Amino acid sequence: MTHHYDLYAIGNALVDSEYEVSDAQLQAMGVEKRHMTLIDAPRRAELLAHVHGLHARRTGGGSAGNTVVAMAQLGGHAFYSCRVADDELGAFYREDLIANGVATNLTHTRAPLGQTGICMVMVTPDAERSMSTFLGATAEIDHTSLHPHDIARAKVYYMEGYLAASPTGTDAALKGRALAREAGVALAVTLSDMSMIKFCRAGLEAMLGDGVDYLFCNEEEAQVWCDTQDMDAICAQLGKMARVVCLTRSAKGCMLIQGDQRTEVPAFAVTALDTNGAGDMFAGAFLYAATHGYTLVQAAQLANLAAGQVVSQYGNRLSHAAIADVKARFIQLIT
C-alpha cells in the first residue's frame with residue numbers, strides 16, 4: 001500500500017499567546033506552575049487583565065498541532081484533524097497549518113460560530129511553562145473532523161492525550177483509532193500532562209486500549225501514571241503498554257523502553273529558556289525519523305536535538321533556519 005501521510009494526528013486547535021512573567025506574577029494570577037489548567041471565559045478575561053500591557057508572542061499551537069508542524073518542517077507529510085471557530089483566530093490557525101505544509105480538515109469544512117481555543121502560556125525565569133487553556137470551539141471536536149480515507153493511508157495515527165478532557169474528542173480519537181487499526185496503521189499516544197492523568201485517566205486508558213506502537217510521556221507524567229518514582233517499576237509497567245515508549249527526562253535526555261529493554265539516549269547541552277512545545281517537538285522529530293528509515297536510537301537523537309533547540313529559545317515552534325540547522329547537526333552526528 002502507498003502511504004500518503006507519514007503522520008495523521010487528531011488534537012486540539014489552540015492559538016498560543018506566550019508571556020514572560022515572574023514567579024510573583026504567576027502567584028498573583030493564581031496559575032498553577034508547570035501544569036495545564038482548563039479555564040472558562042470569565043477566567044480567561046481575568047487572566048487577560050493581569051497580563052494587559054505585557055508583550056505576547058502569538059503562534060499556532062496545540063500539542064498535536066506542534067507535532068504535525070514539526071513533522072512537516074523536517075520534510076515529512078502530515079495531516080491534522082482539529083476544530084476552530086469562524087473567527088480571526090480560527091483563520092489564523094488554518095493559514096498557519098497550510099503555511100507549514102500540513103494538510104487539514106479545516107480546508108474542507110466551514111468553521112462554526114463561536115471562539116477558537118487559546119492557550120495562555122506563562123513562562124517564568126526558570127524556563128518552566130504554565131498553561132491556562134480556554135478550549136472554545138475545540139471542546140466540541142467530534143468524529144466529523146476525521147478523514148477516514150486519509151487515516152487509512154497514513155503510517156502513524158497519533159492521538160493527543162488532551163482530548164481525554166472532551167467526551168466528543170475522546171470518542172473521535174477512538175473512532176480514528178479503530179479505523180487505523182483496521183487499516184494496519186501504527187498507533188501513537190501522548191499522555192500530555194499530569195492533569196489529564198489525574199482527572200481524565202479513563203479517556204487515556206481507552207486511547208491506549210490493548211496497546212499502541214508508540215507512547216510519549218515525560219518522567220513526571222510516568223511517575224503519576226504508575227504511582228511510583230521507582231524507575232524499574234515504571235519501566236516494567238510502561239513497557240507493557242506500547243511497543244516503543246519514549247520517556248523524556250529533560251536535561252538527562254530520554255529513555256527508550258521496548259519490553260524489558262531500556263536504552264538511554266543522552267540530551268545535548270543547552271541553556272533552557274522556555275520548555276513550551278519541547279515534548280511536542282520531540283514526538284514530531286522522533287516520528288519523522290522512525291517513518292523515514294532511521295533506527296529508534298537515531299530517532300531519539302534527532303528528537304533530543306530538536307527538543308533542545310526549542311528549549312533554548314522562546315516559543316513553541318522552530319524557524320525553518322533552526323530546523324535546517326538541527327537536520328544538519330543530526331546528519332553529522334550519525335555519519
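Predicted model: local features only at pLDDT ≥ 70, side-chain atom pairs only at ≥ 80, totals over all residues.
Two strands count as paired if DSSP finds at least two bridges between them. Five bridges tie S1 to strand S9 (residues 154–160), and the two run parallel. Another four link S1 to strand S5 (residues 78–81), again in parallel. Isoleucine 10 shows up in both pairings: it sits opposite serine 81 in S5 and opposite methionine 159 in S9. Six of the six residues of S1 are buried, so the strand is largely enclosed by the rest of the structure.

On to the nonpolar cores. The largest one has 65 residues, and those touching the most other members are Tyr80, Tyr93, Tyr158, Tyr214, Phe216, Phe286 and Leu287. As for tyrosine 93, setting aside neighbours within four places in sequence, its contacts include Tyr80, Asn12, Leu14, Val15, Cys82 and Leu106.

The axes of helix H6 (residues 167–182) and helix H8 (residues 201–208) come within 9 Å and cross at roughly 10°. Angles under 35 degrees count as roughly parallel, and H6 and H8 are therefore roughly parallel to each other. On the H6 side the contact is made by Thr170, Ala173, Leu174 and Arg177, which meet Gly203, Ala206, Met207 and Leu208 of H8. Sorted by type, the residues of this contact come out as five nonpolar, two polar and one charged.

Definitions and conventions: Residues numbered from 1 in each chain as written. Heavy atoms only, no water. Buried < 20%, exposed > 50% of the residue type's maximum accessible area, 1.4 Å probe, protein only. Axes fitted to C-alpha atoms, helices over the stretch in contact; angles between N-to-C directions. Parallel < 35°, antiparallel > 145°, perpendicular 65-115°, else oblique. Contact = heavy atoms within 4.5 Å. Nonpolar A, V, L, I, M, F, W, Y, C, P; charged D, E, K, R; others polar. Core = buried A, V, L, I, M, F, W, Y, C linked by side-chain atoms within 4.5 Å.
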